[in-house]
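Q: Got a structure to go through with you. Can we start with how the strands are put together?
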Amino acid sequence: MVSTKRDVVIGGGVVGLSCAYHLASLGRDVIVLEAAAGPAGGASSHNAGWVVPSMSEPVPSPQAIRLGLKWLLRGDSPLGVAVSPDPAYIAFLVRMLAACRERPYREGIERLAALNAGTFDAFDRLRADGVEFEEHRSGVLYALTTEASAARVIADLQRMETWGTPPPRVVRGGELTALEPALRDRFAVGILCDRERHIDPGSFASALAARVRSLGVDVRTHSRVASVKDRGRFADVALSDGETLAARHVIVAAGAASGGIRGIRRLRSAVQAGRGYGIDVMVTSGATPRHAIYLPEDKVAVTPLDAKLRFAGIMEFGPPGRTRTDRSEQLLRAARRSFSDLDPDAVTPWAADRPMTPDGLPLIGRLPGSETLSIATGHAMLGVTLAPVTGQLLAAEIVSGRDEAALAAFSPRRLV
């Protein structure tokens, strides 16, 4: 049994580590419990690594319904939905379907954009405090094959200008080739958002874990949480090995696994896994893009890093751990369609479960009826982007004891 003066963060991904960092920076004594062999595994390291406030868009949308109905009949579509008799999973899908309407979609964009307003500053403060990681500030280039597809992207980006996103630069023909020579000539329009960044998510997660430890945080690996019990002024955290920790405050930040922790009321229907896939490709220098590139028609993100070229995409709903081996080939085909000199020396496939919510917005804040239990999960494809600001705001709320206005729209009360 440990002193109840300690805060316990369940989950050693980038969101959990950010929460631990900000709590420790505010003088709290913190333990991080990570079930895996090392911190920041899973979706925290296996993602596109984009820092993109301009993509403040919830997954459920009117367009998602239209495309989803079309894609569900294709085995190689960017979307997959598994059949399962699990009542929590069915309830999740029903709630997500209800969120695919125009009004909740527009409200979701506004709420995510407002939360993302502090994203770049939050990353810059981490770097200034000694969190060193691979970062690139060359922007994100959308590559589209038709003018109609480009018009939809431009309209979405223009909407984000309300939230401080600069107008995008639109290029065609020879100007697109000069801007990004690695692309094949099948693309008719390029749209450059030059303020956006991309990072190596693995290097960011490792650097954040190291900084957290340097602040005195006890980061425990191979520590699987079996249950959490709210006891009013403190909480019991029971580990699968039989140990029980008494915590002053608990943050559940276990990503897609958050819903599997006993004692967290109704969380399984609020957080489900959305499996994402990727490949890391070793290529010759001539094939390496100058920018992070998004291929909207394939729903594939392309991230050029110092040591590799990463392709990420696809969304599959279903039980965690369900992996399709053909998805790697699907991504490689999209890569070869898009890049003229792509000649992989080696291809490393990966997959990871993203934590999804039915309305597409993260769950950040105290659980209903509790003063000792908070949650920070459900960030979907914006986990890296929103991790620093999530930790900053939630730690401030816990330490002050007052609700953070910036987190009101993300309160677990709406779903749990």
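A: One term before that: two strands pair if DSSP finds at least two bridges between them. Also, this is a predicted model.

Q: OK. How many bridges join S6 to S8, and which way do they run?
A: There are 5 bridges between S6 and strand S8, residues 189–193. The two strands run antiparallel. Leu144 stands opposite Val189 in S8.

Q: And S16: how many bridges join S6 to that one?
A: S6 and strand S16, residues 292–295, are joined by 3 bridges. This pair runs parallel. Val140 has Ala292 as its bridge partner in S16.

Q: Is S6 enclosed or open?
A: Strand S6, residues 140–144, is largely enclosed by the rest of the structure, because 5 of its 5 residues are buried.

Q: Which residues sit on which side of S6?
A: Val140, Tyr142 and Leu144 are on one side. Leu141 and Ala143 are on the other. Both faces are covered.

Q: Switching to cores. How many residues has the largest nonpolar one, and which have the most contacts inside it?
A: The largest nonpolar core has 64 residues. Trp50, Tyr142, Ile191 and Ile251 have the most contacts inside it.

Q: What does Ile191 touch?
A: Leaving out residues up to four places away in sequence, Ile191 touches Val140, Leu141, Tyr142 and Leu144, among others. The list also includes Ala150, Val153, Ile154, Leu157, Pro168, Arg169 and Val170.

Q: What else lies apart from that core?
A: Another core, of 25 residues. Ala143, Val171, Ala182 and Val300 are among them.

Q: Now helices. How do H1 and H10 pack?
A: Helix H1 (residues 14–25) and helix H10 (residues 383–400) pack at about 40°. Their axes are 8 Å apart. The crossing is right-handed.

Q: Which residues meet there?
A: From H1, Val14, Val15, Ser18, Cys19, His22 and Leu23. The H10 side includes Val384, Ala387, Leu394 and Ile398. By type, the contact of H1 with H10 has 11 nonpolar residues, 6 polar and no charged.

Q: Last one, Ala351. Where does it lie?
A: Ala351 is in strand S19, residues 346–356.

Q: Why does Ala351 count as partly exposed?
A: Because its relative accessibility is 27%. Buried would need under 20%, and exposed over 50%.

Q: What does Ala351 touch?
A: Not counting residues up to four places away in sequence, Ala351 touches Arg275, Gly276, Tyr277 and Thr323.

Q: And how far apart are Ala351 and Ala376?
A: They are 25 residues apart in sequence. In space, C-alpha to C-alpha, Ala351 and Ala376 are 22 Å apart.

Definitions and conventions. Residues are numbered from 1 along each chain as its sequence is written. This is a predicted model: local features need pLDDT of at least 70, side-chain atom pairs count only at pLDDT 80 or more; totals for chains, interfaces and linings use all residues. Side-chain values use heavy atoms; hydrogens and water are left out. Helices (H or I, at least four residues) and strands (E, at least two) are DSSP runs, numbered from the N terminus. Buried means under 20% relative accessible area, exposed over 50%, partly exposed in between (1.4 Å probe, protein chains only). Contact means heavy atoms within 4.5 Å. Axes are lines fitted to C-alpha atoms, for helices over the stretch in contact, and angles run from 0 to 180 degrees between N-to-C directions. A crossing is left-handed if the near helix is turned anticlockwise from the far one by less than a right angle, and right-handed if clockwise. Ala, Val, Leu, Ile, Met, Phe, Trp, Tyr, Cys and Pro count as nonpolar, Asp, Glu, Lys and Arg as charged, and the others, Gly among them, as polar. A nonpolar core is a set of buried Ala, Val, Leu, Ile, Met, Phe, Trp, Tyr and Cys residues joined through side-chain atoms within 4.5 Å.
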